[in-house]
Amino acid sequence: MKQLIKPVFQNEKNIICAFSTKEGASDKSPYEQEAVFQMLQMNHLPKVYPKQVHGNHVALIKKDSSFHMNQGNLILPDTDGMVTNQKQLVLTTVHADCLAVFFYDPIQHVIGLVHAGWRGSAQKIAEKAAILMINEFQSNPSDIKVFISPGISSCCFETGVEVFDAFQKSFSWASDYAEKKGDKYFLDLKKINERQLMELGIKDITIDPDCTCCHSDLYCSYRKEPGTTKRMGALMVMV
Ligand SMILES: [Zn+2]
């Protein structure tokens, strides 16, 4: 049987979240949005589409935010993450090896979603999203639940010294999550994102163990298939 999505935060009643697989991807659109939206019963809801640039801008979407809607959807330029307290508004990101980090505060009713590749991770995009939740919506770090999606893992994320250096500039503890082999470094992006959130006091963090590069049958992997236009979608909405 085809697996179109991986469920995320499955036991939460007030949110619907998923990470779509390669089965849900197509070369035309980033992924088979209609099939995935239909499965999750999200067709009729407005969506937020960030124009991802591997940066660290996290958009804050409040009730009174004056964003320009395009055909009922919100298109955000130069954005790799979103935080909102709005119900019935679907946050989306797309991925091919890069991580999706999902945030949920069931007490203050706030959700967040970020696209974290190595550049975003080194620029602390997950930390930025969490700080927005804490500062703008009074989220208590101990109430925030986090899910880190399938993504390229330390088994496959081989980099040169310049990438390792970028992490060392941002995090004093970066070398804890880097394994040096010859002149290459194998970095653990999932653990690096987890650690930056733990440093803020967030404890409830789930990491999906799947490596997208090892399992390119199930997931889109830019490293395994360079130039691929296929993407997996991360989706999150409060209902
Ligand atoms: Zn791997």
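This is a predicted model: local features need pLDDT of at least 70, side-chain atom pairs count only at pLDDT 80 or more; totals for chains, interfaces and linings use all residues.
## Starting at Asn-73

Is Asn-73 buried, exposed or partly exposed? With 14 C-beta neighbours inside 10 Å, Asn-73 counts as partly exposed. Leaving aside residues up to four places away in sequence, Asn-73 touches Pro-46, Lys-47 and Tyr-49.

## Strands around β6

β6 covers residues 73–76 and runs parallel to strand β3 (residues 47–50), with three bridges joining the two. Val-48 has Leu-74 in β6 as its bridge partner.

β6 also pairs with strand β5 (residues 69–70), this time antiparallel and through two bridges. Here Asn-73 shows up again, as the β6 bridge partner of Asn-70. β5 and β6 make a hairpin with two residues between them, and Gln-71 in the turn has a positive phi of about 50°.

## The whole chain

How many helices and strands does the secondary structure come to? It comes to five helices and 16 strands. Along the principal axes, the C-alpha atoms fill a box of roughly 50 × 40 × 35 Å. A compact globule of 239 residues would have a radius of gyration near 18 Å, and the protein chain agrees with that at 17 Å.

Of those 239 residues, 44% count as buried. Looking at contacts between residues at least 6 apart in sequence, 72% join residues at least 24 apart.

## A six-stranded sheet

Six strands form an open sheet with mixed pairing, in the order β4-β7-β10-β9-β11-β15. Which strands are at the edges? β4 (58–61) and β15 (204–207) are, and each pairs on one side only. From one strand to the next, the twist averages 15°.

Inside this sheet, β7 and strand β10 (residues 110–116) run antiparallel and are joined by four bridges. Gly-81 has Val-114 in β10 as its bridge partner. Helix α3 packs on the sheet and touches β4, β7, β9 (99–105) and β10, with its direction at about 160° to that of β10. Helix α5 packs on the sheet too: α5 touches β9, β10, β11 (145–148) and β15, and its direction makes about 175° with that of β15.

## Two helices side by side

Two packed helices are described by the angle between their axes and the distance between the axes. For helix α3 (residues 125–137) and α5, the axes come within 9 Å and cross at roughly 30°. Angles under 35 degrees count as roughly parallel, so α3 is roughly parallel to α5. The crossing of α3 past α5 is right-handed. On the α3 side, Ala-126, Glu-127 and Ala-130 make the contact, while α5 brings in Asn-193, Gln-196 and Leu-197.

How many of the 10 residues of α5 are buried? Seven are, which leaves this helix (residues 189–198) mostly covered. The buried ones are Leu-189, Lys-190, Ile-192, Asn-193, Glu-194, Gln-196 and Leu-197.

## A three-stranded sheet

There is also an open sheet of three strands, in the order β12-β14-β13 and with antiparallel pairing. β12 (158–159) and β13 (178–181) stand at the edges with a single partner strand each, so one side of each has no neighbour in the sheet.

β13 pairs with strand β14 (residues 184–187) in the antiparallel sense over four bridges, and Lys-180 stands opposite Tyr-185 in β14. Helix α4 (residues 161–170) packs on this sheet and touches β12, β13 and β14; the direction of α4 makes about 50° with that of β14.

Most residues other than glycine have a negative phi. Where is Phe-9 placed? Its place is in the loop between β1 (5–7) and β2 (15–20). Phe-9 has 20 other C-beta atoms within 10 Å, so this residue is buried.

Asp-78 has a positive phi of about 50° although it is not a glycine. Asp-78 lies in the loop between β6 and β7 (81–84). Is Asp-78 buried or exposed? Asp-78 counts as exposed because there are 11 C-beta neighbours inside 10 Å.

Definitions and conventions
Residues are numbered from 1 along each chain as its sequence is written. Two strands pair if DSSP finds at least two bridges between them. Two residues are in contact if their C-beta atoms, placed from the backbone, lie within 7 Å. Axes are lines fitted to C-alpha atoms, for helices over the stretch in contact, and angles run from 0 to 180 degrees between N-to-C directions. A residue is buried if 20 or more other C-beta atoms lie within 10 Å of its own, exposed if 12 or fewer, and partly exposed in between; C-beta atoms are placed from the backbone. The radius of gyration is taken over C-alpha atoms; the globule rule is 2.2 Å times the number of residues to the power 0.38. Angles under 35 degrees count as roughly parallel, over 145 as roughly antiparallel, 65 to 115 as roughly perpendicular and the rest as oblique. A crossing is left-handed if the near helix is turned anticlockwise from the far one by less than a right angle, and right-handed if clockwise.
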